[in-house]
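Please examine the sequence and the model below before reading on.

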Amino acid sequence: MPLHPLGDKPLTFPSPNSTMENGLDHGTPLSPGSLRSAAHSPLDTSKQPLCQPWAEKRGAQGTHEVQYVSAGQSVACGWWAFAPPCLQVLNTPKGILFFLCAAAFLQGMTVNGFINTVITSLERRYDLHSYQSGLIASSYDIAACLCLTFVSYFGGSGHKPRWLGWGVLVMGTGSLVFALPHFTAGRYEVEADTGVRTCPANPSAACADRTSGLHRYQLVFMLGQFLHGVGATPLYTLGVTYLDENVKSSYSPVYIAIFYTAAILGPAAGYLIGGALLNIYTEVGRRTELTTESPLWVGAWWVGFLGSGAAAFFTAVPILGYPRQLPGSQRYTVMRAAEMHQLQDSSHREASNPDFGKTIRDLPLSIWLLLKNPTFILLCLAGATEATLITGMSTFSPKFLESQFSLSASEAATLFGYLVVPAGGGGTFLGGFFVNKLRLRGSAVIKFCLFCTVVSLLGILVFSLHCPGVPMAGVTASYGGSLLPEGHVNLTAPCNTACGCQPEHYSPVCGSDGLMYFSLCHAGCPAATEMNVDGQKVYRDCSCVPQNLSSGSGHATAGKCTSTCQRKPLLLVFIFVVIFFTFLSSIPALTATLRCVRDPQRSFALGIQWIVVRILGGIPGPIAFGWVIDKACLLWQDQCGQQGSCLVYQNSAMSRYILIMGLLFKVLGVLFFATACCLYKPLSESSDGLEACLPSQSSAPGSATESQLQSSI
């Protein structure tokens with residue numbers, strides 16, 4: 001069908017009376033970014049010319065191609081021929097939003113919640129090293145990077161709900177595969193580790209030979225994570241564009257904010273549910289002498305993956321039933337076109353073709369158009385800097401809190417969860433709310449992102465503060481209590497030489513002298529003196545702990561010494577501010593990305609942006625933060641002669657390194673957003689004409705006019 005520029009032929013729309021019902025357009029659907037000429041449409045008898053004066057004014061130069069699409073696509077909700085009327089009540093933007101939120105919640109709960117919670121248990125159960133568990137976690141991002149180009153390009157011009165539904169099915173399959181080793185590796189049988197930590201120690205128990213082939217299950221876990229990444233790829237590219245295409249432009253940020261809020265609440269649920277499941281022994285129904293405090297304890301890590309896998313299958317079924325376009329969504333295409341970034345040549349005309357992007361031949365032009373869009377490129381780079389901070393700090397912030405405030409790992413994770421849920425979830429939702437409430441468009445959205453980045457940059461300065469570390473005997477203080485020079489670590493002293501302490505098992509205790517000791521053995525505490533006081537294990541007659549005048553003998557309590565840091569409230573408040581304003585800019589930045597590219601390219605643009613964000617931010621972020629934090633390590637774990645993880649950090653150095661990393665990437669983010677704001681060029685002239693081209697609904701009873709609808713956008 002030939003294309004007719006505005007300057008050559010007047011545009012026509014179907015009569016309002018023939019296509020508008022209850023304020024929703026059930027007539028001919030509009031293709032993304034364009035309207036096709038209705039010369040051969042069966043609705044020709046009800047055509048009326050529009051925009052003739054504007055077309056004559058614009059002429060051939062600077063025309064904006066707008067086309068019709070003939071009616072023929074089904075907008076009913078159902079599965080192939082089965083589309084009962086009772087299902088059509090769900091065939092609305094709110095209906096698809098509910099199911100996409102459920103899918104995003106499951107993805108966040110599984111990948112960012114369960115995985116991070118069970119990593120330690122997997123290392124114990126399947127004899128994995130930290131770098132192997134790191135490969136398991138990275139398999140998700142690797143799969144996403146490999147699939148993003150294909151899914152976003154072909155899925156963007158395809159049937160988005162079917163791509164989304166099949167993606168959720170693949171994600172559910174990945175969860176079931178991840179839980180498979182529990183059923184194929186045999187029972188987990190260990191003995192209680194008595195005699196390892198007290199004085200005298202049992203050397204044979206420290207480095208028992210536990211060589212097995214269980215580490216090969218790493219490949220199964222990597223496959224499960226890979227399937228998670230493949231299945232989640234359509235969710236944050238096609239899912240976002242499908243929502244944006246089917247709601248009014250001013251409502252789109254709110255819908256997307258709700259969608260991303262569900263994705264952020266998922267990890268919080270994953271931490272809570274996963275943590276509760278880890279209190280259940282992995283061999284459910286079998287009794288064991290181990291306690292949850294034992295380093296050999298393995299919880300029921302696999303139960304959560306079975307549940308999330310089953311829930312994913314139930315969620316995918318309704319998503320597969322949604323149509324290519326929701327009823328009444330066609331008129332929003334013209335409104336979105338007014339906010340697109342203006343290109344400097346005529347290459348956009350070919351991209352306006354409704355068939356553009358459906359074949360591999362259009363791929364080079366699609367990439368070229370995105371590369372020529374400076375606003376899009378800068379937004380991608382800004383997103384990468386934010387992703388570096390988000391992934392890096394989300395991975396190591398619990399470790400930071402644990403070191404600064406002398407908390408246990410579970411206490412630090414819980415405290416960080418209490419910060420992330422209101423700050424991250426609230427910031428994400430309010431970001432979309434402010435874009436809608438303040439009616440931000442074009443460069444105003446990017447300015448809002450710039451403002452949020454500047455505020456979070458100022459909040460990063462709080463990391464110039466730190467809490468003094470609890471003195472540890474043989475690491476930061478001598479066994480007599482005096483300070484040790486940095487780097488002079490010696491856990492052996494005359495008081496514990498006869499104990500034969502082994503450095504393989506780290507189990508800190510707090511002495512009555514205020515010093516923290518590496519273990520009961522290093523404190524010189526015999527096992528026979530164990531007793532319970534107020535629910536805590538107390539060991540008396542510890543040879544390395546100086547005698548106390550009140551108690552008459554030195555004693556130690558299991559666990560770390562309590563931190564007396566007075567800066568804890570201040571640090572937590574500013575960490576909350578940094579998280580809040582970082583997530584506050586996420587939905588506006590995504591909205592700006594959707595508005596600076598043309599409709600046929602939006603899914604592909606999001607796919608390219610996700611690739612850039614993951615390669616430049618998501619994948620290297622934890623690696624970079626982990627590398628600098630390791631520089632602050634004072635004492636490394638000794639795994640039978642091999643270096644393990646870091647046990648004790650220098651708080652001042654850790655804060656300093658996080659401050660440097662935070663300032664570096666926040667300053668880059670400010671520069672990228674500021675430059676994007678300066679280079680953004682909206683289609684201002686086309687905007688007026690397109691608004692004038694919108695069909696009127698004044699004749700439809702009980703419905704608002706299209707001009708009123710546009711004024712609210």
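A disulfide is defined here as a pair of cysteine sulfur atoms within 2.5 Å. Cys-449 is buried, with a relative accessible area of 0%. The term buried means under 20% relative accessible area, exposed means over 50%, and partly exposed lies in between (1.4 Å probe, protein chains only).

## Basis of the values

The model is predicted: local features need pLDDT of at least 70, side-chain atom pairs count only at pLDDT 80 or more, and totals for chains, interfaces and linings use all residues. Residues are numbered from 1 along each chain as its sequence is written, and side-chain values use heavy atoms, with hydrogens and water left out.

## The disulfide of Cys-467 and Cys-565

How many disulfides does the structure hold? There are four. In one of them, Cys-467 is bonded to Cys-565, with 1.9 Å between the sulfur atoms. The torsion about this S-S bond is about -70 degrees, so the disulfide of Cys-467 and Cys-565 is left-handed.

This pair links distant parts of the chain, 98 residues apart: Cys-467 is in the loop between helix 16 (443-460) and strand 5 (509-511), and Cys-565 is in the loop between strand 9 (555-558) and helix 17 (568-584). Helices (H or I, at least four residues) and strands (E, at least two) are DSSP runs, numbered from the N terminus. Cys-467 and Cys-565 are both buried.

## The disulfide of Cys-495 and Cys-544

Cys-495 and Cys-544 are also joined, their sulfur atoms being 1.9 Å apart. The link of Cys-495 and Cys-544 is right-handed, with 105 degrees about the S-S bond. Distant parts of the chain are again connected: Cys-495 is in the loop between helix 16 and strand 5, whereas Cys-544 is in the loop between strand 8 (536-540) and strand 9, 49 residues apart.

Is Cys-495 buried or partly exposed? Cys-495 counts as partly exposed because its relative accessibility is 25%, whereas Cys-544 is buried, at 5%.

## The disulfide of Cys-525 and Cys-542

Cys-525 is joined to Cys-542 by a disulfide with an S to S distance of 1.9 Å. The torsion about the S-S bond is about 110 degrees, and the disulfide of Cys-525 and Cys-542 is therefore right-handed. Cys-525 lies in the loop between strand 6 (516-517) and strand 7 (530-533), and Cys-542 lies in the loop between strand 8 and strand 9, so the pair ties together parts 17 residues apart in sequence. Both Cys-525 and Cys-542 are buried.
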